[in-house]
Amino acid sequence: MRYLTARKRAEGKGAAGTGTEHFWYMKLSGVGLALIIPLFLVAFGRVLGGDRAEVLSAFSHPAMAILTGLVIFFGLRHFASGAQTMIEDYSHGSTRRALIIAVTVLSYGLIATGLFALAKIAL
């Protein structure tokens, strides 16, 4: 027999049962992206319009490669988490599961493609 009250069982859980984990992840990744995106835009803006050799030289620098990798990874993880939250809010049943799987596969596929392209440039 369970001796937990209904309030204790429901504490920290939202309608989906995941609590505030999505909310805090989105806040944290949003703040992180707000810090690194302007740095990336300034660095990327400097090489925008340059010839191929200049762009390859800029992206082969370790700081630019690390910054670009962080933007790709955390930007797409932020996208996937936001899309999952939207899907959980507006769809139900097997459609929900299929859409969440599709968004997750799309997100990780884009991360892998972006990091592979970055590695080819940087190495």
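This is a predicted model: local features need pLDDT of at least 70, side-chain atom pairs count only at pLDDT 80 or more; totals for chains, interfaces and linings use all residues.
Residues are numbered from 1 along each chain as its sequence is written, and side-chain values use heavy atoms, with hydrogens and water left out.

Back to Val 103, which sits in helix H5. Helices are DSSP runs of H or I, at least four residues, and strands are runs of E, at least two, numbered from the N terminus. What does Val 103 touch, not counting residues up to four places away in sequence? Phe 79, Ala 80, Ala 83 and Ile 87, where contact means heavy atoms within 4.5 Å. Ser 81 is 22 residues from Val 103 along the chain, and their C-alpha atoms are 9.1 Å apart.

Zooming out for a second, the chain has 5 helices and 0 strands, so you read α-α-α-α-α along the sequence. Of the 123 residues, 24% are buried. Take the contacts between residues at least 6 apart in sequence: 67% of them join residues at least 24 apart.

Now the cores. A nonpolar core is a set of buried Ala, Val, Leu, Ile, Met, Phe, Trp, Tyr and Cys residues joined through side-chain atoms within 4.5 Å. The largest one has 11 residues, including Leu 33, Phe 40, Phe 59, Met 64 and Leu 118. Helices H2 (21–47), H3 (52–59) and H4 (62–90) each give at least two residues to this core. Apart from it there's another core, of 5 residues, and our Val 103 is in there, along with residues including Ala 80, Ile 87 and Ile 100. As for Leu 118, leaving aside neighbours within four places in sequence, its contacts are Phe 59, Ala 65, Thr 68 and Gly 69.

On to the rings. There are 4 aromatic pairs; Phe, Tyr and Trp rings (the six-membered one for Trp) pair if their centres lie within 6.5 Å, with planes under 30 degrees apart called stacked, over 60 edge-to-face and the rest tilted. Phe 40 and Phe 44 are stacked, at 5.7 Å centre to centre and 15 degrees between the planes. Both are in helix H2, 4 residues apart, about one turn of the helix. Phe 40 is buried at 15% relative accessibility, whereas Phe 44 is partly exposed at 31%. The Phe 73 and Phe 74 pair is edge-to-face, because the planes are at 85 degrees, with centres 5.1 Å apart. Phe 40, Phe 44 and Phe 59 form one aromatic cluster.

Last stop, the surface. Phe 73 and Phe 74 turn up again in a nonpolar patch of about 600 Å², with Tyr 25, Ile 66, Leu 70, Tyr 108 and Leu 115. Patch residues have over 30% relative accessible area and no salt bridge; like charges are joined within 9 Å, nonpolar side chains (Val, Leu, Ile, Met, Phe, Trp, Tyr) within 5 Å. A salt bridge, by the way, is a Lys or Arg side-chain nitrogen within 4 Å of an Asp or Glu carboxyl oxygen. Which helix gives the largest share of the patch? That's H4, with 4 residues. Tyr 25 comes from helix H2, and Tyr 25 is partly exposed at 31%.

Key
Buried means under 20% relative accessible area, exposed over 50%, partly exposed in between (1.4 Å probe, protein chains only). Accessible areas come from the Shrake-Rupley method with a 1.4 Å probe; for residues, only the protein chains shown count as cover.
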